[in-house]
Amino acid sequence: MLTHRAGPRAVLLECADAAEVAAWHAELVRRRDAGELAATDLVPAARTVLVDGVDDPVALAETLAAQRVAPVAEIADAGSVELPCVYDGPDLADVADLWGTSVDGVVARHTGTEFRVAFCGFSPGFGYLTGLPPELAVPRRPTPRPRVAAGSVGLAGAYSGVYPSPSPGGWQLIGRTGRVLFDPDASPPALLVPGTRVRFTAMRS
Amino acid sequence: MRALTVLKPGLLTTVQDRGRVGLAYLGVPRSGAADLPALELANRLVGNDESAAGLECTLTGVTLRAEAALTVAVTGAPAPVRVGGRDADVGLPLAVPSGAEVAVGPARTGLRTYLAVGGGVTVPPVLGSRATDTLSGLGPAPLRRGDTLPVGPPYGSPAAVDVPALYELGGAVVLRVHPGPRVDWFTAAAVRTLLAGEYAVSPTSNRVGARLTGPALARAVDAELPSEGVVLGAVQVPADGQPLVFLADHPTTGGYPVIAVVDPADVPRVAQARPGTAVRFTEGVSGWT
């Protein structure tokens with residue numbers, strides 16, 4: 001793990017892989033909850049964890065750089081969520097071609113994968129789901145759609161994701177779910193928080 | 001009823017407070033007043049807790065009618081103020097009779113003028129904040145003509161005196177910067193250019209970020225950066241090499257490298273820089289290169 005300066009109030013941890021990101025994020029949340037770390041935001045991403053709102057980022061960086069962290073499975077389990085999905089997305093056939101399989105093959109692979117929310121970003125409650133192997137990575141659409149409906153299930157790179165609210169978007173859309181992904185009145189407001197395990201199940205429309 | 005009715009909403013007037021800090025891990029932007037010290041000052045002037053919600057006007061001001069006797073204060077970008085048809089001052093608590101109009105005119109310098117009201121604007125909070133987030137759409141919509149804004153019971157007496165920390169706006173803005181997490185992704189020449197070049201605020205700037213135009217910043221690393229968390233004041237450099245300073249409604253993560261971070265104390269200055277304003281960067285700490 002490397003540390004980078006991110007201004008006078010933050011440190012950016014750069015990890016070797018997504019597993020180390022998950023482990024450091026879970027460990028830093030634990031330390032904050034235990035009162036061992038004062039930080040306003042702990043933001044995991046693809047390869048990094050941003051620790052924002054700290055008083056002495058230089059001292060924190062030195063401390064963290066000297067430490068190791070246990071794998072995530074031994075630290076935290078953020079629960080599991082099942083997302084019923086109608087697989088009728090406009091890009092389903094394109095994804096089948098990219099994966100060298102049939103539409104049914106895409107559905108079988110997507111429902112057969114246990115995903116994990118690696119991090120959130122793009123919009124409130126948008127979880128980047130890992131679990132697909134790198135060889136199934138797909139490109140974004142060449143031209144983003146001006147409007148993607150809430151609940152749309154998509155793929156980009158080796159990530160899967162669900163749009164919590166209508167927005168422009170360039171992900172390959174394979175289906176849709178009726179589950180509410182983001183509800184400001186709920187606690188937590190996002191259904192998919194970092195660390196959550198996610199399974200999709202196929203349903204008829 | 002303690003309330004304000006919107007007679008003229010202006011170009012963009014939003015409800016703002018300290019925003020939604022702490023939810024970035026869910027993809028929820030921080031939002032809140034772009035020039036937070038100005039809103040906090042206005043709140044102190046009317047006797048509010050500094051965290052109360054007020055209004056943020058953009059360039060053209062706002063006209064309101066008080067539906068009860070209220071106290072207001074105007075701070076931030078200086079603008080002409082009239083209460084009940086009479087000229088009034090910025091930076092002071094102003095007594096507004098029931099039924100009187102409060103008119104904030106166009107900013108003379110700077111970009112964002114703040115209006116606090118005794119008791120605060122009490123629209124329903126979303127995720128602990130009443131701020132309008134123009135990026136995600138959380139919080140109340142921008143003000144429209146005819147809107148009624150509820151106002152809470154007064155917190156206490158208006159401040160007799162506050163140090164009116166009304167800084168001068170206008171002229172060139174000099175921003176102290178610290179090395180960003182991806183300063184190594186840029187050439188040494190790009191770092192020198194950042195610290196020596198003159199930039200101008202682009203008209204495409206908004207609450208998400210102040211877009212700057214000027215000498216392009218060349219990358220030393222051409223790889224694609226996986227999205228990573230970004231801080232308020234981050235100076236992000238997209239593919240065209242023109243820097244962008246992230247303001248209150250910035251996204252929680254970004255996929256372009258951050259060369260520098262504007263000192264938190266200077267973020268309000270760039271938030272107040274209207275299009276065309278000259279911007280320069282200076283070393284906020286030693287050890288830049």
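Modeller: The model is a predicted one. At the N-terminal end of α1(A) there is a cap, in which a side-chain oxygen lies 3.2 Å from the backbone nitrogen of A:A19. The residue that provides this cap is A:D17.

Biologist: How far apart are the end C-alpha atoms of helix α1 of chain A?

Modeller: Helix α1 of chain A covers residues 18–33, which makes 16 residues. At 1.5 Å a residue the helix should span 22 Å, and the model agrees with this expectation. The distance between the end C-alpha atoms is therefore 22 Å.

Biologist: Which residue with a positive phi follows α1(A)?

Modeller: The phi in question is near 80°. The residue that follows α1(A) with this value is A:G35.

Biologist: Which elements of chain A are included in what covers the buried residues of α1(A)?

Modeller: The buried residues of α1(A) include A:W24, A:H25 and A:L28, and also A:E27 and A:R31. Their cover includes both strands and a helix of chain A. These elements are β2 (10–14), β3 (41–44), β4 (48–52), β6 (115–120) and α2 (57–65).

Biologist: How much area do chain B and chain A bury between them?

Modeller: The contact joins 31 residues of chain B with 32 residues of chain A. Carbon and sulfur atoms carry 66% of the buried area. The total is about 2,400 Å².

Biologist: Which residues of chain B lose the most area to chain A?

Modeller: Three residues together make up 25% of what the side of chain B buries. They are B:Y25, B:L26 and B:P181.

Biologist: Which residue of chain A meets B:R182 in a salt bridge?

Modeller: Across the interface the rule finds two salt bridges, and six residue pairs are in polar contact. In the salt bridge of B:R182, the N to O distance is 3.0 Å. The partner is A:E14.

Definitions and conventions: Residues are numbered from 1 along each chain as its sequence is written. Chains are lettered from A and ligands numbered from 1 in the order in which they are written. This is a predicted model: local features need pLDDT of at least 70, side-chain atom pairs count only at pLDDT 80 or more; totals for chains, interfaces and linings use all residues. Side-chain values use heavy atoms; hydrogens and water are left out. Contact means heavy atoms within 4.5 Å. Buried area is the accessible area (1.4 Å probe) that two parts lose on being put together, summed over both. A salt bridge is a side-chain nitrogen of Lys or Arg within 4 Å of a carboxyl oxygen of Asp or Glu. A polar contact is a pair of N or O atoms within 3.5 Å; within protein, one must be able to donate a hydrogen and the other to accept it, and residues adjacent in sequence count only if both atoms are side-chain atoms. Helices (H or I, at least four residues) and strands (E, at least two) are DSSP runs, numbered from the N terminus. The expected span of a helix is 1.5 Å times one less than its number of residues. Buried means under 20% relative accessible area, exposed over 50%, partly exposed in between (1.4 Å probe, protein chains only).
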